Amino acid sequence: MRRPLEGVTVLFDLDGTLVDTAGDLAAAMNHALTASGHAPVPLANVRHLVGHGARAMLARGLGEAGIADPTSAELDAHVAVFLEFYMAHIADTSRPFPGAVDAIEAIIAEGAAVAICTNKREAWARALIGALGLTRYFDSIVGADTAGAAKPDKRPLQRCIADTGAPKGVFVGDSDTDIRAADAAGMPCLAALFGYGPLDLCDRAFARFSNYEEVPALVRRAAN
């Protein structure tokens with residue numbers, strides 16, 4: 001008997017959607033900032049900086065610290081310090097959001113392929129997922145560097161579909177960037193209301209959800 005989600009790839013954004021990474025990202029960013037004499041950014045302010053990769057996050061973090069227009073060389077130096085610290089502490093506090101793993105197991109049991117589509121570099125995404133013991137769940141892990149473009153470009157999503165071979169896609173994200181990427185790729189998007197956002201475009205999502213218990217049923221609806 002054909003399972004309900006055979007032929008469907010469910011793509012998950014990583015930071016703020018699948019895994020709550022803000023604490024470790026904040027620690028790494030503030031390590032880079034304080035190492036060069038800048039003030040740290042409060043954790044509450046870090047969540048909205050996440051989503052466009054480390055370089056963009058650090059540029060915005062420097063802006064929070066009063067450095068509005070850092071040079072490319074300044075950013076390069078901060079990214080190097082950030083990376084060294086982050087890779088050594090990538091899962092100190094980062095954990096999947098409650099119910100996320102159960103939801104993934106449920107959609108796999110219904111025949112779906114599962115992928116990660118993130119604006120993290122692929123190596124960082126793989127390191128994080130490996131540290132959390134989740135690698136076995138994913139048929140594809142695509143980072144901003146994997147497809148030569150970052151979301152909201154459609155190419156990372158298309159790469160996930162090519163990797164899995166399941167042609168129909170449903171994207172699960174937490175931000176306008178994810179909604180735009182799903183639109184560009186012709187996929188429905190499920191928007192996590194607990195993520196890092198921003199979600200000014202949430203009315204363009206197929207559906208919104210507040211906890212992962214809702215996700216398997218929403219994926220089935222979106223895939224039909």
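The backbone oxygen of Arg220 lies 2.9 Å from a polar atom of the Asn224 side chain. This is a predicted model, in which local features need pLDDT of at least 70, side-chain atom pairs count only at pLDDT 80 or more, and totals for chains, interfaces and linings use all residues. Residues are numbered from 1 along each chain as its sequence is written, and side-chain values use heavy atoms, with hydrogens and water left out.

User: Is Asn224 buried or exposed?

Analyst: Asn224 lies in the segment after helix H9 (215–223). Buried means under 20% relative accessible area, exposed over 50%, and partly exposed in between (1.4 Å probe, protein chains only). Because its relative accessible area is 76%, Asn224 is exposed.

User: How many Å apart in space are Asn224 and Leu5, C-alpha to C-alpha?

Analyst: In sequence, Asn224 and Leu5 are 219 residues apart. In space, their C-alpha to C-alpha separation is 9.1 Å.

User: Which term describes H1 and H4 relative to each other?

Analyst: H1 and helix H4 (residues 72–88) pack at about 135°, with axes 8 Å apart. Axes are lines fitted to C-alpha atoms, for helices over the stretch in contact, and angles run from 0 to 180 degrees between N-to-C directions. Angles under 35 degrees count as roughly parallel, over 145 as roughly antiparallel, 65 to 115 as roughly perpendicular and the rest as oblique. H1 and H4 are therefore oblique.

User: What is the distance between the axes of H1 and H3?

Analyst: Helix H1 (residues 22–35) packs against helix H3 (residues 54–64) at an angle of about 60°. That makes H1 oblique to H3. The axes of H1 and H3 are apart by 11 Å.

Definitions and conventions. Helix = DSSP H or I, 4+ residues; strand = E, 2+ residues; numbered from the N terminus. Polar contact = N/O pair within 3.5 Å; in protein donor to acceptor, adjacent residues only side chain to side chain.
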